[in-house]
Amino acid sequence: MGHHQLFSEQKIPATVEEVWDFISSPQNLKVITPDHMGFDITSKHLPEKMHPGMIISYKVSPILGIKMNWVTEITQVREKEFFVDEQRIGPYAMWHHQHHLEPIEGGVIMKDIVTYQPPFGPLGTIANVVFIRKQLASIFAYRFKAVEEKFGKFG
């Protein structure tokens with residue numbers, strides 16, 4: 001029943017402002033999520049940019065095409081540096097996702113740290129080994145490609 005972490009890094013040949021404008025817009029979440037996840041934002045009247053306290057609700061199909069509600073709160077934002085989203089309702093017992101941007105020569109490095117706890121106690125731990133961790137890795141691989149298509153390959 002432990003917590004697990006997933007780390008992801010991507011170098012992007014763009015300015016911090018360009019990358020921030022893209023990743024801090026809730027409307028772009030669907031662009032960076034694989035179609036098979038059935039990801040749809042259900043919140044109405046979302047602002048163009050994320051802010052602390054913002055609640056975003058979605059429908060997702062993480063397992064066997066079964067639709068689930070997922071509600072996240074943007075808990076922290078430091079403009080052009082990082083933001084944090086935390087699950088309030090959804091498929092995980094706990095979900096905390098940090099998105100960081102750092103300027104580097106030739107662009108930006110985007111780093112993600114996802115700390116999560118699968119549901120269902122010991123069964124969730126087994127599910128993490130069998131498929132959850134792999135599924136998360138494939139979602140981030142998809143996002144890597146989507147961001148590369150948007151901004152180009154680094155170096």
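Guide: Tryptophan 95 counts as buried at 7% relative accessibility. Buried means under 20% relative accessible area, exposed over 50%, and partly exposed in between, with a 1.4 Å probe and protein chains only.

Visitor: Where does this model come from?

Guide: The model is predicted, so local features need pLDDT of at least 70 and side-chain atom pairs count only at pLDDT 80 or more, while totals for chains, interfaces and linings use all residues. Residues are numbered from 1 along each chain as its sequence is written, and side-chain values use heavy atoms, with hydrogens and water left out.

Visitor: Back to the rings. How many aromatic pairs are there?

Guide: The structure holds eight aromatic pairs. Rings of Phe, Tyr and Trp (its six-membered ring) pair if their centres lie within 6.5 Å; planes under 30 degrees apart count as stacked, over 60 as edge-to-face, and the rest as tilted.

Visitor: Which pair does tyrosine 58 form with tryptophan 70: stacked or edge-to-face?

Guide: Tyrosine 58 and tryptophan 70 are edge-to-face, with 6.4 Å from centre to centre and 75 degrees between the planes. Tyrosine 58 lies in strand E3 (residues 55–63) and tryptophan 70 in strand E4 (residues 66–78), so this pair ties together parts that are twelve residues apart in sequence. Helices (H or I, at least four residues) and strands (E, at least two) are DSSP runs, numbered from the N terminus.

Visitor: Are those two buried or exposed?

Guide: Both tyrosine 58 and tryptophan 70 are buried. For tryptophan 70 the relative accessible area is 12%.

Visitor: And what does tryptophan 70 do with tryptophan 95?

Guide: Tryptophan 70 and tryptophan 95 form an edge-to-face pair, 5.3 Å centre to centre with 85 degrees between the planes. Tryptophan 70 is in strand E4 and tryptophan 95 in strand E6 (residues 94–104), so the pair ties together parts 25 residues apart in sequence.

Visitor: Which residues form the aromatic cluster?

Guide: One cluster is made of Phe39, Tyr58, Trp70, Tyr92, Trp95 and Tyr116.

Visitor: New topic. How many helices and strands are there?

Guide: The protein has two helices and seven strands. Along the sequence they follow the pattern β-α-β-β-β-β-β-β-α.

Visitor: What order do the strands take in the sheet?

Guide: The order is E1-E7-E6-E5-E4-E3-E2, in an open sheet with antiparallel pairing. E1 and strand E2 (40–41) stand at the edges with a single partner strand each, so one side of each is left without a neighbour in the sheet. Two strands pair if DSSP finds at least two bridges between them.

Visitor: How many bridges join E1 and E7?

Guide: E1 and strand E7 (residues 107–117) pair over nine bridges, in the antiparallel sense. Serine 8 has aspartate 112 in E7 as its bridge partner. Elsewhere in the sheet, E4 and strand E5 (residues 82–89) run antiparallel and are joined by seven bridges, and isoleucine 74 stands opposite aspartate 85 in E5.

Visitor: One more residue: what does serine 61 touch?

Guide: Serine 61 touches His36, Met37, Gly38, Ile66 and Lys67, not counting residues up to four places away in sequence. Serine 61 lies in strand E3 and is buried, at 7% relative accessibility.

Visitor: How much of the whole protein is buried?

Guide: Of the 155 residues, 46% count as buried. The C-alpha atoms fill a box of roughly 45 × 35 × 25 Å, taken along the principal axes.

How values were computed: Contact means heavy atoms within 4.5 Å.
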